[in-house]
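This report describes a two-chain model for a reader who is new to structural analysis. Please keep the sequence and the three-dimensional view at hand while reading.

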Amino acid sequence: MYIIVVGGGSVGHGLALELQQMPDHEVTIVEVNSARAAQLRAELGEMVVHGDGSEIAFLDGVGAGRADLIIALTADDGANLVACQVSKHWFNVKRTIARVNDPRNEALFLRLGVDSIVSASGAVMAQIEATLPEHTIIPLMALEGSRLHVVDIRVQQGSPAAGRALRDLQFPPEVLVSVIIGKQGARVPDGDSVLQVGDEVIAVIPRESDAAVRSMIAGPVEGA
Amino acid sequence: MRILIMGCGRVGAGLATRLTDEGHEVTVLDTDAFAFRRLLPNFAGRRLVGSGTDDRMLIDAGIAETDCFIALASGDNRNILASQKAKEIYGVKTVVTRVKDPLRSEMFARLGIHTFSPTKVGVTLAHDAIFQGE
């Protein structure tokens with residue numbers, strides 16, 4: 001697969017490192033700032049190209065016509081939107097992904113044909129939640145077009161669920177415990193599975209049940 | 001007509017003044033208050049400091065009751081973002097967008113936005129001036 005990443009900031013750089021590990025993919029990183037591009041090129045090599053990823057002539061030069069995927073990750077929503085629209089409408093790139101810096105732009109991006117959006121503030125919120133010990137429910141992924149999301153919850157000391165089998169727990173409706181990650185690794189649970197303090201639980205739950213599920217699995221919030 | 005102009009550069013300021021002279025209700029937006037110095041003394045419209053890509057700003061500027069939105073900021077991408085927002089989200093009837101890059105201008109015109117490229121216009125004028133009278 002040929003992937004073009006527009007924007008070599010911290011997010012683009014991190015993604016480039018990931019993609020470099022996958023030998024099946026050819027990747028080009030586009031960075032508009034010349035100093036930043038030179039710095040990235042010193043580290044990542046020829047995959048980094050200096051230029052404007054929203055300009056048609058430039059994208060043509062880096063082979064956008066044969067790209068399978070374009071990911072626009074700059075801090076500028078205008079540049080991300082235009083990079084995706086140009087890729088889609090001029091070069092017929094099959095799939096476009098854009099980072100949305102202003103959450104109010106999410107609906108517009110999807111309406112204008114960007115296939116998927118990465119909401120910067122959503123990702124940042126998840127980071128913040130992950131670093132707060134009393135917030136023991138970490139949103140991993142929103143399931144588009146529903147109230148459901150995938151969350152990560154840690155079973156803590158004092159949790160009412162600790163030491164009990166899943167079948168004995170009275171969860172709110174539509175809560176599905178998908179994976180339990182314990183000392184022995186990850187397992188798909190059944191009704192007999194028993195939660196232990198320190199286990200991590202991946203579950204699909206409706207957003208409105210966040211608080212209920214949090215207090216059941218994670219236990220009481222300290223200081224609350 | 002109620003007209004909202006994004007960007008108070010030379011073109012934005014000149015157009016804004018001309019439109020108020022013609023009796024239109026004009027609001028000019030710019031991220032830099034210093035840009036309003038370019039408006040002529042007879043400009044009779046409203047000036048607002050803020051970004052035309054910012055929804056709060058657009059709402060404050062009265063985008064919902066605007067008949068015509070003209071994007072004349074310095075960045076092509078900002079103009080394209082704001083124009084599509086005006087058209088798709090706020091339903092502004094007439095939307096005009098300056099896009100310096102001729103190819104980008106052509107592509108967004110194909111997508112149904114009224115664009116014009118000063119680069120393309122400049123090339124044509126300069127070219128025609130050279131061969132004038134031949």
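The largest nonpolar core of this predicted model has 63 residues. A nonpolar core is a set of buried Ala, Val, Leu, Ile, Met, Phe, Trp, Tyr and Cys residues joined through C-beta atoms within 7 Å. A residue is buried if 20 or more other C-beta atoms lie within 10 Å of its own, exposed if 12 or fewer, and partly exposed in between, with C-beta atoms placed from the backbone. The residues with the most contacts inside this core are A:V5, A:V6, A:I70, A:A72, B:I5, B:M6 and B:A16. Helix α4(A) gives the most to this core, with six residues. Apart from this core lies another, of 16 residues, including A:I138, A:V151, A:I205 and A:A218.

Because the model is predicted, local features need pLDDT of at least 70 and side-chain atom pairs count only at pLDDT 80 or more, while totals for chains, interfaces and linings use all residues. Residues are numbered from 1 along each chain as its sequence is written, and chains are lettered from A and ligands numbered from 1 in the order in which they are written.

**Chain A and its sheet**

Chain A contains seven helices and 11 strands. Helices (H or I, at least four residues) and strands (E, at least two) are DSSP runs, numbered from the N terminus. The C-alpha trace of chain A spans about 60 × 35 × 35 Å along its principal axes, and 32% of its 224 residues are buried.

Six strands of chain A form an open sheet with parallel pairing, in the order β3-β2-β1-β4-β5-β6. Two strands pair if DSSP finds at least two bridges between them. The edge strands are β3 (48-50) and β6 (116-119) of chain A, each of which pairs on one side only. Neighbouring strands of this sheet are turned by 20 degrees against each other on average, direction ignored. Within the sheet, β4 (69-72) and β5 (95-100) of chain A pair in the parallel sense over four bridges; A:A72 has A:A98 in β5(A) as its bridge partner.

Axes are lines fitted to C-alpha atoms, for helices over the stretch in contact, and angles run from 0 to 180 degrees between N-to-C directions.

| Helix of chain A | Strands touched (chain A) | Angle between directions |
|---|---|---|
| α1 (10-20) | β1 (2-6), β2 (26-31), β4 and β5 | about 165 degrees with β2(A) |
| α2 (34-44) | β2 and β3 | about 160 degrees with β3(A) |

In another part of chain A, A:V150 lies in strand β8 (148-154). This residue counts as partly exposed because it has 17 C-beta neighbours inside 10 Å. Not counting residues up to four places away in sequence, A:V150 touches A:L140, A:M141, A:L143, A:I202 and A:V204; two residues are in contact if their C-beta atoms, placed from the backbone, lie within 7 Å.

**Where the chains meet**

In the model, 17 residues of chain A are in contact with 16 residues of chain B. On the side of chain A that touches chain B, the elements giving two or more residues are α3 (56-61), α4 (77-89) and α5 (106-111) of chain A. Of these, α4(A) gives the most, with seven residues.

Helix α4(A) is mostly covered, with 11 of its 13 residues buried. Its buried residues include A:D77, A:L81, A:C84 and A:S87.

**Chain B**

Chain B also has an open sheet of six strands, in the order β3-β2-β1-β4-β5-β6 with parallel pairing. Strands β3 (46-49) and β6 (114-116) of chain B stand at the edges with a single partner strand each, so one side of each is left without a neighbour in the sheet. The twist averages 15 degrees from one strand to the next. Strands β2(B) and β3(B) pair in the parallel sense over four bridges, and the bridge partner of B:D30 in β3(B) is B:V49.

The buried residues of helix α1(B) are B:G12, B:A13, B:L15, B:A16, B:T17, B:L19 and B:T20. Their cover includes β1 (2-6) and β2 (25-30) of chain B. After α1(B) comes B:G23, whose phi is positive, near 95 degrees.
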